[in-house]
Amino acid sequence: MSEKFISLKPLIMTFCEGDPNENPWVSGNKETPEPIVIVPYSTEWENIYNEEKNKIQRQLKDKVINIAHIGSTAVPGLPAKPVIDIDLIVADPAQEKDYIPELEKLGYALRIREPSWYQHRMLRLDSPRVNLHLFGENCPEHIRHLLFRNWLRNHEDDKKRYAAAKLTAIKGAVHVMEYNHNKEKVIKDIYERIFKNMDVFLSEL
């Protein structure tokens with residue numbers, strides 16, 4: 001797997017924004033934003049991930065190529081929004097009939113569809129609160145998620161820097177997109193350091 005990732009380095013280092021004219025909301029309308037709350041790290045987040053991972057694997061069986069806990073709740077000691085982010089890697093996210101009905105049986109609801117951005121689909125689970133992201137195999141965005149997570153797990157200085165950026169970014173942010181934009185510079189700076197050391201970290205995936 002790591003050798004295949006290394007061959008994708010140019011794509012991993014290129015951020016794709018998708019089509020700005022694409023309406024990603026499955027309902028057709030932008031949803032009411034959730035309150036943005038940052039809380040201290042909880043060991044319960046890893047337990048929730050493992051429970052959901054097991055449910056998804058039992059439901060989809062061999063349709064699961066990979067599944068990973070990503071985002072801030074996957075980094076011990078990092079404050080985060082209490083929402084578990086999971087990447088689910090499947091053969092083709094566009095073939096929704098192969099995955100969505102089975103995931104709906106677990107309580108997940110399809111909320112976002114972005115064909116122009118790596119064929120991304122996002123399903124939401126309300127209790128426990130989970131965002132489930134579907135990507136295809138060898139998707140650069142998924143690999144970046146793993147690299148960022150692993151980097152923060154192994155670099156205390158950048159973890160502290162990112163934690164501070166999150167607490168600053170929340171000020172005045174109404175929607176999660178605003179919150180993400182406010183911390184984008186710090187994220188890009190960390191990615192620059194990751195990319196300079198990428199061969200080592202790709203070999204560990």
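Which residues in H5 meet which residues in H6? The close-ups below come from a predicted model.

**View 1. Helix H5 packs against helix H6.** H5 spans residues 140-154, and H6 spans residues 156-169. Their axes lie 5 Å apart, at an angle of about 110°. That angle makes H5 roughly perpendicular to H6.

**View 2. Side by side in the contact of H5 with H6.** From H5 come Phe148, Trp151, Leu152 and Asn154. They meet Glu156, Asp158, Lys159 and Tyr162 of H6. By class, the contact residues divide into 4 nonpolar, 1 polar and 3 charged.

**View 3. Strand S1 pairs with strand S2.** S1 covers residues 66-70, and S2 covers residues 84-90. The two strands run antiparallel, joined by 5 bridges. Asn66 stands opposite Ile89 in S2. S1 is mostly covered, with 4 of its 5 residues buried.

**View 4. Cys16 and Cys139 without a disulfide.** The structure holds 0 disulfides. The closest cysteine sulfur to that of Cys16 belongs to Cys139, 9.0 Å away. This is too far for a bond, because a disulfide needs the sulfur atoms within 2.5 Å. Cys139 is likewise in no disulfide, and its nearest cysteine sulfur is that of Cys16.

How values were computed:
Residues numbered from 1 in each chain as written. Predicted model: local features only at pLDDT ≥ 70, side-chain atom pairs only at ≥ 80, totals over all residues. Heavy atoms only, no water. Axes fitted to C-alpha atoms, helices over the stretch in contact; angles between N-to-C directions. Parallel < 35°, antiparallel > 145°, perpendicular 65-115°, else oblique. Contact = heavy atoms within 4.5 Å. Nonpolar A, V, L, I, M, F, W, Y, C, P; charged D, E, K, R; others polar. Buried < 20%, exposed > 50% of the residue type's maximum accessible area, 1.4 Å probe, protein only. Pairing = 2+ DSSP bridges.
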